[in-house]
Amino acid sequence: MNIALVGAGGYGGAYINFFRHGLLPEDLILKAAVEPFPVATEGMTWLNDQKVPIYPDLESLYAHIVPDLVVISTPIPLHKKQAIFCMEHGSHVLCEKPLTPSKDDALEMKAVSLRTGKLLGVGFQWSFSDTMLGLKKDILDGVLGRPLLFKTHISWTRPETYYNTSSWKGRIRNEAGDLVNDCILTNATAHYLHNMFFLNGESMETSAMPVSLKGKLARTYPIETFDTCFVAGELPNGCRFLHIATHSGETNSEPKLIYEFEKATVYFDSNKEPELYAVFTDGTKKTYGKPLSEFEVSQKLSRMAAAVENGGTPCCGVDTILPHLVTCNALLEQLPIETYPEDKICLRLRDGAWYHYTRGLYEETVRCYEEAVLPEDARPVLL
């Protein structure tokens, strides 16, 4: 199967590494890349060594080849236009998350997929991974019992260059006026909120839409959106969910989660070990896999290709991502964004970069996660 990568720099380098490191089926061939601003990276060097042609735009690509599957890994505002172009020109598409900032745009892209007969997958990698698909099968089969409470915590410190060297990070719209809605919830930690909805879906390719929602949004960095969020709600099956994430805590802490069921509790703490596992009420333990390993991440491409080859349904498509998109839209549209007081904001120089953090914020995120509560000033949101 012929693959083309649109956006070979930035996160596109991860897809190049899937090929470089031999993580994909041998019949997947990277035939071309599109990168208008190529820079000297290991990935670009590999493309040149392998004599993979690099085109400046989609029009040049399709003048030479019609790929079977196109992977889009470009800035958010480009996703809709590029995905539609590729589908209308004969290719299936795997687009990186977030697919689009707008529900209406997502539904328009779905309509093009149906009209052209081309599959449109979205790169929430946990929805394609052996680890999460195995866990979801057990959930649907009733092995763990009814879901009760799902909660996640991430404290990823980010230097100020994360925002001020980008034309779209932390922005509601970019300089061209395109909607971006980039924030810690829509992009950086999107996988972990989406995964809670995905695992509670009624089938392997669906996600659960929240029936209630409450949250608090805040920022330490001088950005348009927010770098900290406390979000909670309930799903149709009665499962409560809690998602807490910040870029401006004093301490860096990798993703961790606890999913509680009637018959078992699922644990994952990437600060301590790479495996996700369940401990059942009788004391037995079941290990599902290493969801952050490069092989597990690469499965979004291999499983998407298999869906194309077999005429199947992508593990994660437009309908699958709608609960996450609807939730993010509702939060951004309805909640105020609190700016933390200046007298609580500190700067720290680390490895030549300046980091902003709010004193006491990390401790608050940990407390809320451990107690499964929101801050007192969290507000309800209508869905």
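Author: Before we dig in, a helix here is a DSSP run of H or I with at least four residues, and helices are numbered from the N terminus. Also keep in mind that this is a predicted model.

Reader: Okay, which helix gives the most to the lining of the largest pocket?
Author: Several helices have a share in that lining: helix 3 (58-64), helix 4 (79-88), helix 8 (184-188), helix 9 and helix 10 (294-310) each supply at least two residues. The top contributor brings four residues to the lining, and that is helix 4.

Reader: How many residues in the lining of the largest pocket are charged?
Author: Sort the lining by class and you get 21 nonpolar residues and ten polar ones. The charged class is what's left to name, and its count is nine.

Reader: What about the second largest pocket, how much space lies there?
Author: This one is lined by 16 residues, with Ser113, Leu120, Thr313, Pro314 and Val318 nearest its centre. Helix 5 (103-116) and helix 11 each put at least two residues into that lining. By class, the lining has five nonpolar, seven polar and four charged residues. The space in the second largest pocket is about 300 Å³.

Reader: Which helix gives the most to the lining of the largest cavity?
Author: The lining has 13 residues, and those nearest the centre are Pro98, Thr100, Thr186, His324 and Leu325. Eight of the lining residues are nonpolar, five are polar and none is charged. The biggest giver spans residues 318-334 and brings five residues, and that's helix 11.

Reader: And which strand gives the most to the lining of the second largest cavity?
Author: Among the residues lining that cavity are Thr157, Arg158, His247, Glu250, Arg348 and Tyr355. Two elements give two or more residues to this lining, strand 16 (345-350) and strand 17 (353-358). By class, the lining has three nonpolar, five polar and four charged residues. The most, three residues, comes from strand 17.

Reader: Back to helix 11: are helix 9 and helix 11 parallel, perpendicular or oblique to each other?
Author: Two packed helices are described by the angle between their axes and the distance between the axes. The axes of helix 9 (residues 190-199) and helix 11 come within 9 Å and cross at roughly 120°. Perpendicular would need 65 to 115 degrees, and roughly antiparallel starts over 145. The two helices are therefore oblique.

Reader: Is that crossing left-handed or right-handed?
Author: Look at who touches whom: Ala190, Leu193, His194, Phe197 and Phe198 in helix 9 meet Thr320, Ile321, Pro323, His324 and Thr327 in helix 11. The contact has six nonpolar, four polar and no charged residues. As for how helix 9 passes helix 11, the crossing is right-handed.

Key: Residues numbered from 1 in each chain as written. Predicted model: local features only at pLDDT ≥ 70, side-chain atom pairs only at ≥ 80, totals over all residues. Heavy atoms only, no water. 1 Å grid on protein atoms, 1.4 Å probe; cavity = no way out; pocket = protein on both sides within 12 Å on 5 of 7 lines; lining within 4 Å. Nonpolar A, V, L, I, M, F, W, Y, C, P; charged D, E, K, R; others polar. Axes fitted to C-alpha atoms, helices over the stretch in contact; angles between N-to-C directions. Parallel < 35°, antiparallel > 145°, perpendicular 65-115°, else oblique. Left-handed = near helix turned anticlockwise from the far one by under 90°. Contact = heavy atoms within 4.5 Å. Points joined across faces, edges and corners; volume = space filled by probe spheres on them.
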